[in-house]
Amino acid sequence: MGTKAMEASVANETPLFVNKPPPRVFKLMSLPSTIIKLTLGLLWCIIHVAISLFSLCSHLIFSLECYLISSGLLRKYQNLQLSRMKYLAIVVDSREAKNTVKINQLLCWLKNLGVKYVCLYDIDGVLKKLFEPGMNGSKDDNRGDCLDISANIKALDCYHSEMTIECISGSDGKEGIAKAANLLCSTYLKGDRSTHENIKSKSVFTETDMASALKSVGCGGPESDLLLVYGPARCHLGFPAWRLRYTEIMHMGPLKSMKYGAIVKAFYNFAKKHQNYGK
C-alpha cells in the first residue's frame, strides 16, 4: 500500500512541473550588432546637436540683424522703395489677434514706414470686431469693409490719419464666394448678360467673370502686393484666394516676438524682387 500511495502522489505532482513555463533564456547580442547600434545612436545625437546649433545661430544672427536695422546702422535698409507696394495684407493668428497692444504697435510701425493701405485678416474675425465701431461709420461699398483708422481711436492708441485699414475674416471669403456664385447663376439663368459681358452662351465662367461678380457683391477688394503672416502656421490661414494671385507671401513668426527690423527687411526684400508676370 505504501508503494502504490507514493506512485499515485508522484503521478499527481508531475503535471505541476509540466505546466510550468520554460525558463527564459537571455541571449547576448553579438559584438558587431552592438557596435552598429551604438554608432547609429551617436550619429543621431550628433545630427540633432548640429541642427540645434544651426537653428540657434540662425536665430541669433537674425536677431542681431534686426537690431542693427532698427538702430539705423545698416544704410541699405534706410531708403526703402515702396512704390510697388500699394496694398499690404497682414494675416494674424486668431489667438494672437487679441493682443491689441501688439496690433497697435504693428500699425504704428507700418504708418511710420509709409504704408498707405493695410488689410488685416484673422480667420475668426477678432480684428474685425476690434474695428467694428469704425466700420459702421465709414464703410465703402466699392471696397468692402474699408475704413480710416482715425474713426476708431478708442480701440487703438496710435493715430493713423494717413493709413487706410480693411478688416476681413474667414466668413467674408465664404460669403463672398457664395454671393458671387449666386449672382453668376441668376444672371445666366435670366439671360441678362449686360452686367457680365464675358459670359458666353455655354455655362462656362472665366476668372474675369468671377472677379466682376465679386466686385459687384462688394467682396472684391484690391489684390495685395505683399502678405505678412504672423503666427505659428506657415500659410495664409484662409485669406481670400482671389486676392493672392500675384502676392508675395512672407512668414514673420509669432506676433508676440515681432521686430521692427524684420518688417523693414521684408519690405527691402520685396522691393528687390522682379515679376515678369501679373501687374
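Before anything else, one cut-off: I call a residue buried under 20% relative accessible area, exposed over 50%, and partly exposed in between. Please also keep in mind that this is a predicted model.

Hi everyone, let's talk about salt bridges.

Let me start with Lys265 and Glu65. Their side chains meet in a salt bridge, at 2.9 Å from N to O. Where do Lys265 and Glu65 lie? Lys265 is in helix H8, residues 260–272, and Glu65 is in helix H2, residues 31–71, so this pair ties together parts that are 200 residues apart in sequence. Both Lys265 and Glu65 are buried.

Since H2 has come up, let's stay with it for a moment. This helix has 41 residues, and from its first C-alpha to its last it reaches 60 Å, close to the 60 Å expected at 1.5 Å a residue. Just after H2 you'll find Gly72, which takes a positive phi of about 80 degrees.

On to the next pair, Arg95 and Asp93. Their closest N and O atoms are 3.0 Å apart, and they form a salt bridge. Are the two partners buried or exposed? Arg95 has a relative accessible area of 65%, so it is exposed, being over 50%. Asp93, at 11% relative accessibility, counts as buried.

Now for Arg243 and Glu166. This salt bridge has its closest N and O atoms 2.9 Å apart. Arg243 sits in the loop between strand S5 (226–230) and strand S6 (248–253), while Glu166 belongs to strand S4 (residues 164–169), so the pair ties together parts that are 77 residues apart in sequence. Arg243 counts as buried at 3% relative accessibility, and Glu166 does too, at 2%.

While we're looking at that loop, have a look at Leu237, which also lies between S5 and S6. Its phi is near 55 degrees, a positive value in a residue other than glycine.

Terms used
Residues are numbered from 1 along each chain as its sequence is written. This is a predicted model: local features need pLDDT of at least 70, side-chain atom pairs count only at pLDDT 80 or more; totals for chains, interfaces and linings use all residues. Side-chain values use heavy atoms; hydrogens and water are left out. A salt bridge is a side-chain nitrogen of Lys or Arg within 4 Å of a carboxyl oxygen of Asp or Glu. Helices (H or I, at least four residues) and strands (E, at least two) are DSSP runs, numbered from the N terminus. Buried means under 20% relative accessible area, exposed over 50%, partly exposed in between (1.4 Å probe, protein chains only). The expected span of a helix is 1.5 Å times one less than its number of residues.
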